[in-house]
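Morning, everyone. Please look at the next slide with me.

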Amino acid sequence: MQNFEDMYYYLDHAVCKALKEIDRQNFGTAREELARAQKIAEQMCRGITGKDNCYEYFRNPYNSTER
């Protein structure tokens with residue numbers, strides 16, 4: 001579970017940095033930060049789950065069917 005906590009804290013930090021850039025109206029920098037965080041989080045998730053598609057481990061909030 002610690003690995004998922006690390007991923008969460010990493011994403012939280014990246015979102016905070018992106019929000020600061022948005023406040024400064026640096027939208028391109030904010031987008032780059034979020035895109036980089038998404039890629040790193042996907043790599044972290046793959047390392048945790050050992051699967052190429054880490055999204056199968058998360059429930060889709062818009063779909064009541066568990067994956």
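This is a predicted model: local features need pLDDT of at least 70, side-chain atom pairs count only at pLDDT 80 or more; totals for chains, interfaces and linings use all residues.

Residues are numbered from 1 along each chain as its sequence is written, and side-chain values use heavy atoms, leaving out hydrogens and water.

Start with charge. Side chains of opposite charge can pair when their charged atoms come close. We call it a salt bridge when a side-chain nitrogen of Lys or Arg is within 4 Å of a carboxyl oxygen of Asp or Glu. The count here is four.

Take Lys17 and Glu33. Their closest N and O atoms are 3.6 Å apart. This pair links distant parts of the chain: Lys17 sits in helix 1, Glu33 in helix 2, 16 residues apart. Helices are DSSP runs (H or I, at least four residues), numbered from the N terminus.

Glu33 also bridges to Arg36, at 3.0 Å, N to O. So Lys17, Glu33 and Arg36 are linked in a network of salt bridges.

Is Glu33 buried or exposed? Buried, at 9% relative accessibility. Buried means under 20% relative accessible area, exposed over 50%, and partly exposed in between (1.4 Å probe, protein chains only). Lys17 is partly exposed, at 37%. Arg36 is partly exposed too, at 43%.

Now Ala18. Ala18 lies in helix 1. Ala18 is buried, at 2%. Leaving aside residues up to four places away in sequence, Ala18 touches Ala30, Glu33 and Leu34. Contact means heavy atoms within 4.5 Å.

Notes:
Helices (H or I, at least four residues) and strands (E, at least two) are DSSP runs, numbered from the N terminus.
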